[in-house]
Every structure is written in C-alpha cells, then in structure tokens.
Amino acid sequence: MADRIQIHFDRVDLDGSVEVEVAVNEDPAVLGCPEYARGFPYCRATVTPPARGYADALGWVQLVSSTDLAGEFRVDPFEPLGEVSHPFCFFGFAPTLFDAPHREQRRNTDWIAHSFLCGPGEEPLEGAAQADAILGFSWGFSIRDSRIDIDGPAVLSPDDWDRHHAHLQRAHPRWSFIPGFSEDPPRR
C-alpha cells in the first residue's frame, strides 16, 4: 500500500502539482534494485501538468540524513552520473524524482530525505547559478530489529529549505540558494 500526498503550486503563472507516492518495494527487479531491497521504501514524485517550455525547466534537490552515514544531511546525487557540478539529482521538463534506498544488512538505522522541487533563479548573481525552491517534502524509513518502518511523505516548510543552505553552499559554491519558497506556502 502506498502513502500519497498532492502538493499544488503556481509557476510562471501556471497551476501545477506534485503527486508524491511513498510505498514498499515489493518487486525490486521492476524498480531496478537488488533482491535485498525488498521491503524497503521507494519514492516517486511526479510533476504535472507536463512542461510547456524553458520556463518550466525544474530540478529536484534531495538531501539525505542517515544514522549509518554520520547522521548529517548531505546532497543526494544520482549515482550513475557520478559527481556533477550542480545540486540536482534530477533535472528537466516536469522531472520525476525517483529513489529506492536500501541496505544489504538490516541494521538499526534511521534514514530521512528532504526533497525539494526547484527552478532556476531569475537572474544569476555575479555569474553564480541559482536554485529557487518551489516546495518540499520529507520521507524515509527506520530499521529496528530487522523490521523496516516507512515514514512520510510529509510537506516541508520554507524554513526546512533554508536550514540546508549552508551545506548546499559548501557542496556547490558556484550556486546560490534563494531563501524561502517561491510560492509561500504551497497548497495541498
């Protein structure tokens, strides 16, 4: 069974929404995961309506905190691309965020993601690219005695985005991160 939320937003005078689905990975092969990923969560966040042009170019910035990896939030890249010069794990026209975290060993762990849909800022500052958050949500899982419990999705606030700016700035010094959400707050 999946937990879902829908978050509405306005961007370039157009109504849009993000449907977030967080569910149990019951078929790892279909999701491109190893068999030991069974029982862990996956998240799919879909932007609608489909993009209409350059003004709707969007990206997902995801930060993850995990007790098995020092417990501090850090940028979560799309691993097949390796290191990239931007903060986005997915970018494009109406991009879909997809993630299916898993661990081979089911040790006690708390894992949480803060996922933000962003657009490019209106004007680069002194040559720096900008990320302008539109909305955000959290999701994650915990493992206790080999049992996996899934959390979320839950809507995040502009303050949650702002709390990540120092880390984002260190990870991507050529970028600036606009405070708050461009729509404050997004509608559910």
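## Cores, salt bridges and turns in a predicted model

Start with V18: leaving aside residues up to four places away in sequence, V18 touches I5, Q6, I7, F9, A45, T46, V47, W60, L117 and L135. Contact here means heavy atoms within 4.5 Å. This is a predicted model, so to speak of a local feature takes pLDDT of at least 70, side-chain atom pairs count only at pLDDT 80 or more, and totals for chains, interfaces and linings use all residues. Residues are numbered from 1 along each chain as its sequence is written, and side-chain values use heavy atoms, with hydrogens and water left out.

**The cores**

V18 also turns up in the largest nonpolar core, which has 27 residues; V18, V20, V47, W60, L117, L135 and F137 are the ones that touch the most other members. A nonpolar core is a set of buried Ala, Val, Leu, Ile, Met, Phe, Trp, Tyr and Cys residues joined through side-chain atoms within 4.5 Å. Buried means under 20% relative accessible area, exposed means over 50%, and partly exposed is in between (1.4 Å probe, protein chains only). The elements giving two or more residues to this core are β1 (2-11), β2 (14-24), β3 (41-48), β4 (57-66), β8 (109-120) and β9. Of these, β9 gives the most, with six residues. Helices (H or I, at least four residues) and strands (E, at least two) are DSSP runs, numbered from the N terminus. There is also a second, separate core of 14 residues, and L63, A133, L156 and F181 are among them.

L63 comes up again with H164. Not counting residues up to four places away in sequence, H164 touches L63, F73, H114 and F116. H164 sits in the loop between α1 (158-163) and α2 (165-171). Is H164 buried or exposed? With a relative accessible area of 7%, H164 is buried.

β1 and β2 pair in the antiparallel sense over 10 bridges; for two strands to pair, DSSP has to find at least two bridges between them. R11 has L14 in β2 as its bridge partner. The hairpin has two residues between the strands, and V12 takes a positive phi near 45° there.

**Salt bridges**

Side chains of opposite charge can pair when their charged atoms come close. A salt bridge is counted when a side-chain nitrogen of Lys or Arg is within 4 Å of a carboxyl oxygen of Asp or Glu, and by this rule the count comes to eight. Here are some of them:

| Salt bridge | N to O distance |
|---|---|
| E21 and R4 | 3.2 Å |
| D110 and R144 | 2.8 Å |
| R147 and D149 | 2.9 Å |

E21 is buried, at 10% relative accessibility. R4 and E21 also belong to a network of salt bridges, linked with E19 and R44.

What does the D110 and R144 pair tie together? D110 lies in strand β8 and R144 in strand β9, so the pair ties together parts that are 34 residues apart in sequence. D110 is partly exposed, with a relative accessible area of 32%, and R144 also counts as partly exposed, at 38%.

**Backbone details**

Now to the loop between β9 (129-144) and β10, which holds D145 and also S146. D145 has a phi near 50°, a positive value in a residue other than glycine, and S146 likewise has a positive phi, near 70°. D145 is exposed, with a relative accessible area of 72%. S146 is partly exposed, at 43%.

Which residues does a cis peptide bond join? The bond joins G152 and P153, with an omega of about 10°. P153 is found in strand β10 (residues 147-155).

Another proline, P173, is in the loop between α2 and β11 (175-178), where P173 counts as exposed at 60% relative accessibility. P173 and A129 are 44 residues apart in sequence, and 9.7 Å apart in space, C-alpha to C-alpha.
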